[in-house]
Amino acid sequence: MAEADEMIRQYGFVLPPFAYWTPDEFKAKREVARNVINARCGWDITDYGDGRFDEMGLFLFTLRNGRLTDLQRGGGMCYAEKLLISRQDQLSPMHTHVIKAEDIINRGGATLVIELYGSDDAGNFAEDRGGTVYCDGLQREFAPGEKLKLAPGESVTLMPGDWHAFWGEGGDVLIGEVSTVNDDETDNIFRAPIGRFAEVEEDEVPTHLLVSDYSKWLG
């Protein structure tokens, strides 16, 4: 968390005040913070349940997140925003989304590599299919397994059914994600049988709560 916060500040971003609450402060303010809790905004660090964070993992901080009910009725808070950090050669494994469309933006650091595949008619991973994406708003066709490389300032728009994996090349990368409403519990479809959240064995009181801690600590 400390390293992530330092990198985020290095590139001109500052996290919202609730990012720095202690667990006791969060408990005391949980009623006024009910929207933050229900939307699962906050710290999120995962090894995808595999225990190899340096090789396969991701740092995320959800800054804001809309309401699925608004998205379903077609009006209201239908958007979400995150900051992510992908370390050098740290894989975020192949996955897609059923609902979420997302802009993935290299906010600073090294090169962001995104490996892309298309899907079959049922939305399943298709090793022999490419597709169409938009890079900085410009249409681009991709071949199956093509590795798209984004320099700082560059972005790609991924739609539901676009299968993707990504990592930092040549160093760590600060990533922005702007998307439709985000549901990390049900709308991450991984190609391999892995989990979205890490199992954390606490050996001391947390400095700050992860979104996966909310149900245990805040009710």
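**Close-up views of a predicted model**

**View 1. Arginine 67 pairs with aspartate 70.** Arginine 67 has a relative accessible area of 39%, so it is partly exposed. This is a predicted model. The closest N and O atoms of the arginine 67–aspartate 70 salt bridge are 3.5 Å apart. Aspartate 70 is buried, because its relative accessible area is 9%, under the 20% limit.

**View 2. Aspartate 47 sits in the loop between β1 and β2.** Strand β1 covers residues 42-46, and β2 covers 58-65. Aspartate 47 counts as buried, at 14% relative accessibility. A polar atom of its side chain lies 2.9 Å from the backbone nitrogen of glycine 49. Leucine 58 is 11 residues from aspartate 47 in sequence, yet their C-alpha atoms are 6.7 Å apart.

**View 3. Arginine 52 and glutamate 55 meet through their side chains.** Their salt bridge has an N to O distance of 2.7 Å. Both partners are partly exposed: arginine 52 at 35% relative accessibility, glutamate 55 at 49%.

**View 4. Aspartate 121 and arginine 129 form a salt bridge.** The closest N and O atoms are 3.5 Å apart. Arginine 129 is partly exposed at 34% relative accessibility. Aspartate 121, at 78%, is exposed. The structure holds 16 salt bridges.

**View 5. A nonpolar patch lies on the surface.** Leu68, Val98, Ile99 and Ile189 form this patch. Together they have about 320 Å² of accessible area. Isoleucine 189 belongs to strand β12, residues 189-190. Its relative accessibility is 33%, so isoleucine 189 counts as partly exposed.

Key. Residues are numbered from 1 along each chain as its sequence is written. This is a predicted model: local features need pLDDT of at least 70, side-chain atom pairs count only at pLDDT 80 or more; totals for chains, interfaces and linings use all residues. Side-chain values use heavy atoms; hydrogens and water are left out. Patches are made of residues with over 30% relative accessible area and no salt bridge: like charges are joined within 9 Å, nonpolar side chains (Val, Leu, Ile, Met, Phe, Trp, Tyr) within 5 Å. Accessible areas come from the Shrake-Rupley method with a 1.4 Å probe; for residues, only the protein chains shown count as cover. A salt bridge is a side-chain nitrogen of Lys or Arg within 4 Å of a carboxyl oxygen of Asp or Glu. Helices (H or I, at least four residues) and strands (E, at least two) are DSSP runs, numbered from the N terminus. Buried means under 20% relative accessible area, exposed over 50%, partly exposed in between (1.4 Å probe, protein chains only). A polar contact is a pair of N or O atoms within 3.5 Å; within protein, one must be able to donate a hydrogen and the other to accept it, and residues adjacent in sequence count only if both atoms are side-chain atoms.
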